[in-house]
Amino acid sequence: MVRLIEVKATRGGPTTPFWLTRTEREVSLEHPAVWRLYRLHDLSTAPGLFVLPPPLEASVTLEAETWRAGFD
């Protein structure tokens with residue numbers, strides 16, 4: 001079976017914010033049965049791991065941080 005795994009890691013704790021690209025979110029929505037986000041945390045001291053399945057909005061708050069500006 002195919003698995004699509006996105007890994008986000010931090011030296012901070014499990015609730016440290018992380019960046020997610022539009023493409024990563026789109027893939028999570030297009031392939032929810034096989035896509036998972038693996039969250040690694042506390043890498044400097046006592047590494048931990050948890051897994052977030054889609055939809056991500058059930059586990060985290062997604063906020064737009066940047067905008068693409070284009071010309072018509």
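Setting aside neighbours within four places in sequence, Ser28 touches Trp35, Pro54 and Leu56, where contact means heavy atoms within 4.5 Å. Ser28 sits in helix α1, residues 22-30; helices here are DSSP runs of H or I with at least four residues, strands are runs of E with at least two, and both are numbered from the N terminus. Ser28 is buried, at 2% relative accessible area; buried is under 20%, exposed over 50%, partly exposed in between, with a 1.4 Å probe and protein chains only.

A word on the source. This is a predicted model, in which local features need pLDDT of at least 70 and side-chain atom pairs count only at pLDDT 80 or more, while totals for chains, interfaces and linings use all residues. Residues are numbered from 1 along each chain as its sequence is written, and side-chain values use heavy atoms, with hydrogens and water left out.

Next, the strands. Strand β2, residues 35-41, runs antiparallel to β3, and five bridges join them; pairing requires at least two DSSP bridges between two strands. The two form a hairpin with six residues between them, and Asp42 in the turn has a positive phi of about 55 degrees. His41 is opposite Gly48 of β3.

Which residues does Leu49 contact, leaving aside its neighbours within four places in sequence? They are Tyr38, Arg39, Leu40 and His41. Leu49 belongs to β3, residues 48-52. From Leu49 to Arg39 the separation is 10 residues in sequence and 5.6 Å in space, C-alpha to C-alpha.
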